[in-house]
Amino acid sequence: MITTIYQPIPENIALVGKRLAEGDVVGIPTETVYGLAADAWNDEAVRRIFSVKGRPQDNPLIVHISAFDQMKPLVKEITPLARKLANAFWPGPLTIVQPKNDAFCSSVTAGLDTVAIRMPSHPVARAIIEAAGTPLAAPSANISGIPSPTTADHVYDDLNARIACIMDGGECEVGVESTVVSVDGDSLTLLRPGGITLEQLKSVCEDVSVAKGVLEHLSDNEKVLSPGMKYRHYAPKVPVIILDGSFEQFVAYVHEQAKLHDVGAMVFSGEGEKLRVPVLEYGASNSGKSEATGLFSALRRVDSLNKEVIYARMPAKDGVGFAVYNRLLRAAAFHVVDLNAPKKIRVIGLTGQTGAGKSTVCEKLQDYGYYHINCDKLARTVVEKGSDTLAALVDAFGEDILLDDGGLNRRALGTLVFTDPLALQALNAITHPAIVKLIESEIIYASGFGCFGAIVDAPTLFESGADRLCDTVLSVVAENSLRTNRIMERDGLTQAEAEHRVSAQHDEQFYKDHSGAVIYNNGSKEDLIQAAWQILKQQQLLPEDME
Ligand code: TXA
Ligand code: MG
């Protein structure tokens, strides 16, 4: 099937109306986002909407009407508050949930005894409903889980070859979906913020409450008032983290993280040029309205930046901005960093003798939700070509420590410090503080991701001073003979080489004196994992569900 994009001239509107009346599924514009429409009274057509979108069967659709009278057969009764809301905000981006009429029996409501109805204001949407001669059930016209479409091209990107046609009504004016409210007597519950603001609702109804799922993550077994709130939504594959703070703080944080990670940013108009990382702009700062129109387009492009993580500016939270905040929170899986009071996470220092089994413990800690900070890797990063640290080393040791391409000649530097304790001290005085700074930056990175904790994995944890960043230090030790055998096998060393390395290490007593706990690895791998688990449990370093 080839998907045709139609321009909204009268004969195309008549054509699309006819197709809908005959049971087709069609992409249509509305003032909020594009919808995937079908005749609400035609159960088979409605079921096709679910399959085209890949939408879960228990997530009900919104019925779109073009005249107030079309509502009557759908609902039990039209309460005074529902009428008042319709008078105030229809046609427009407000969806009203009311008890449904028993005669309206369709997959639209996904088995609920309520039905969600709205009258869109987009002239093309209204003309299509009129041409079809029936109310249209329509969710947003995206593949389930992807940000809603705000242009006909977005719909085409998602649904090409899955539907016969799309009506092009231009770019959506509002940019985020309608506000969904449920009406109960004289009170209103806001199920989803959208184009009609909380302030506007309060001007019509005194008793408005906000449903729990709007700004909080609901756990799997919590009852949801609006089934759509429990699904992962608007979510790019790349993690998005919202940074709450001033633009200056945002820039400092992003640039710090960009030293070690491949990061991108979602910022407001005009801010991109002040950042040294790739950006997407999503509207004017402090204008919820403008942020709403740019949000979904930006979210749709996040993955194409090919980054490890995207940091987003905090939207304006008032007016339509509240809806933008609600959508972005979901895109970010509720990860928000308060730049004025960053969350502290547990930091475990992990060290020990070579061949003792530190890596096994480290892998296990990652399974428990700890972020791995590999200090050996940071030690290499810190002296990369062009770094300040490398420049400082050249000042101290001369140009001879450089390769022809300007990178560090490790062998040359190694020879210099191997025989000269003062030179080694000078080297450490330059590199260690720089490594510690990078570790600090990695701890902040992990906390932004919402990790349970971070592991500072360093053979020279104490020597570098990185132990001072840790809440506790765990050391892994084993008998000399066992370690000798393990590193002979692991690194392909001779007995003599391995013994030499083993004897150059701190002894068990040293680790006992300096650590919060010592993990012995004189048995099998399973024994080690069990011992580590015991110690983590004792020290309350395990997430609850791992205990
Ligand atoms: O702006 C919009 O509302 C767009 C355009 C196309 O009109 N439509 C839209 O539909 O966003 P959709 O399916 O993506 O979102 C409908 C939301 C879902 O969160 C759903 O759970 C909720 O409305 N909903 C529908 N019927 C409901 C009901 N009976 N009770 C509670 N929530 C309901
Ligand atoms: Mg949707």
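1. Strands pair here if DSSP finds at least two bridges between them; strands (E, at least two residues) and helices (H or I, at least four) are DSSP runs, numbered from the N terminus. With that settled, V240 stands opposite I310 in β15.

2. A word on provenance: this is a predicted model, where local features need pLDDT of at least 70, side-chain atom pairs count only at pLDDT 80 or more, and totals for chains, interfaces and linings use all residues. Residues are numbered from 1 along each chain as its sequence is written, chains are lettered from A and ligands numbered from 1 in the order in which they are written, and side-chain values use heavy atoms, leaving out hydrogens and water.

3. The sheet I'd look at is open, with 5 strands in the order β14-β13-β15-β12-β16 and parallel pairing. Its edge strands, β14 (279–281) and β16 (336–338), each pair on one side only.

4. Inside that sheet, β12 (residues 240–244) and β15 (residues 309–313) run parallel over 4 bridges. Helix α7 (residues 247–258) packs on the sheet and touches β12, β13 (263–267), β15 and β16; contact means heavy atoms within 4.5 Å. Helix α9 (residues 321–331) also packs on the sheet, touching β12, β13, β15 and β16.

5. Zooming out, the protein has 19 helices and 21 strands, and its C-alpha trace spans about 90 × 50 × 50 Å along the principal axes. Among contacts between residues at least 6 apart in sequence, 69% join residues at least 24 apart.

6. Of the 547 residues, 54% are buried, meaning under 20% relative accessible area (1.4 Å probe, protein chains only).

Definitions and conventions. Axes are lines fitted to C-alpha atoms, for helices over the stretch in contact, and angles run from 0 to 180 degrees between N-to-C directions. Buried means under 20% relative accessible area, exposed over 50%, partly exposed in between (1.4 Å probe, protein chains only).
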